[in-house]
Amino acid sequence: MNKKNLRFKITVICAVLCIAASIGLLGILGYSAFDLKHHWRLCAYTLNGVDPFPLIGEKGTIEAIGSIREGFSTSPWGLFLGNLFYPGWMPMQYAGIYNFALHFVILLLTEAVIWLKFRGIISKNMRAALMLLPLGHFSFVYSLRFGNCGAILCYLLIIAVCIYKEHPYMAAVCVGLAMIKPQIAVPVCVVFLLEKQWAVLFAGAAIDVIGWGAASFLTGVSPLKLLGEMFQYGTVSSKQFLGVLSVLRYTGISESVIMVINAGIGLGLTAGLWLYLKQKNLQGSPWIRFMPSCIASTIWCYKNGTDFAVLALCSAFAFFLCIREDTTWREWILSLFCLGFLQMGRAVTSAGVSVALALNIGRDTFKSMESLLLILIAVYICISWVKIYERGEESK
């Protein structure tokens, strides 16, 4: 067995183990639908003509819908577009079935895009192996468990990155829907901006404007007032992770200042590594320029564990580093570690957070350490990808 085949088999085994671990954890944790019911209430109130933002953390005004817990919110356009994921137009008990099934519909769509995108570029075995990554990402089952749409939006973004050159308006639909959670989509949109993909950005923005207008029409509240209420009524709860430097909140630094710094780090990482990769002019792999933005998506502001599924795109680049014959054994081991952490790191962090549950600083410390490691992984993958490309150029 040659070195490439051995590495490929070990890498596939690693991916399969991630699937087994994720499914096992879902079985242990069980189905909760905790997030679903509160996001469903936001959407259901909107469809019933009630502005839900002032109701966050207060007693509900429609008994059949109920109250919205503090800390749950959405974008103004998400009040309307969110009904695609949290169907306020059907009873809660059926909405759970809908949301659960929708996770797998989007997963299958993502797998189909991967299969078709790389047809004729890589072998069937490699395409099949790549398809293991979205299926085995821990944040997918985490999102599935809570009935959140985080993983669904992440996979829509991955689809957009894969198809934007051939189908910009289909990519725009994916981006517009993903912007229901701007904390996931904004860094990726920055790369679309840097790549001058105007059709994707403007058509995607049009979808959100339509959703925003629809929410305003249904509730009788002006669009700007809805935007102000989003910030006023608890977008971030008191214990919410603020980003890579969240732990600094215990030093007396204002949370607003920390969030600005975190945003600067995340967007700086996105733009800086994009520029580095752009200058290297890597032929045949434009998608890697989106990879740093997916890492940044998880560290630049407040973040839910379901939103880490966007890292499945980064896992694909770690996967390719693992199976290449021209990587050193040291590079292979580091790349395999990156692959495993990108797929299951959120499970490790969640375990650490559970141990430190009673100590807020412990919770933020675990998450800040995870964010710092993800930044290092982004830098490592970019540098390694360039090194391998340059080796190939020198050998021609």
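Predicted model: local features only at pLDDT ≥ 70, side-chain atom pairs only at ≥ 80, totals over all residues.
**Stop one: Thr298.** Select Thr298, in the loop between α14 (291–297) and α15 (312–323). Helices here are DSSP runs of H or I, at least four residues, numbered from the N terminus. Is Thr298 buried or exposed? Thr298 counts as buried because its relative accessibility is 0% (buried is under 20% relative accessible area, exposed over 50%, partly exposed in between, with a 1.4 Å probe and protein chains only). Now show its neighbours: leaving aside residues up to four places away in sequence, Thr298 touches Phe241, Lys303, Phe308, Val310, Leu311, Ser371 and Leu374 (contact means heavy atoms within 4.5 Å). Also look for the backbone oxygen of Ile295, 2.7 Å from a polar atom of the Thr298 side chain.

**Stop two: α7 and α8.** Next, select residues 138–146 (α7) and 150–163 (α8), whose axes are 7 Å apart at an angle of about 135°. Axes are lines fitted to C-alpha atoms over the stretch in contact, and angles run from 0 to 180 degrees between N-to-C directions. Zoom in on Ser139, Phe140 and Ser143 of α7, which meet Gly150, Ala151 and Tyr155 of α8.

**Stop three: Leu372.** Finally, pick Leu372 in helix α17 (residues 360–394). With 46% relative accessibility, Leu372 counts as partly exposed.

Technical notes. Residues numbered from 1 in each chain as written. Heavy atoms only, no water. Helix = DSSP H or I, 4+ residues; strand = E, 2+ residues; numbered from the N terminus. Polar contact = N/O pair within 3.5 Å; in protein donor to acceptor, adjacent residues only side chain to side chain.
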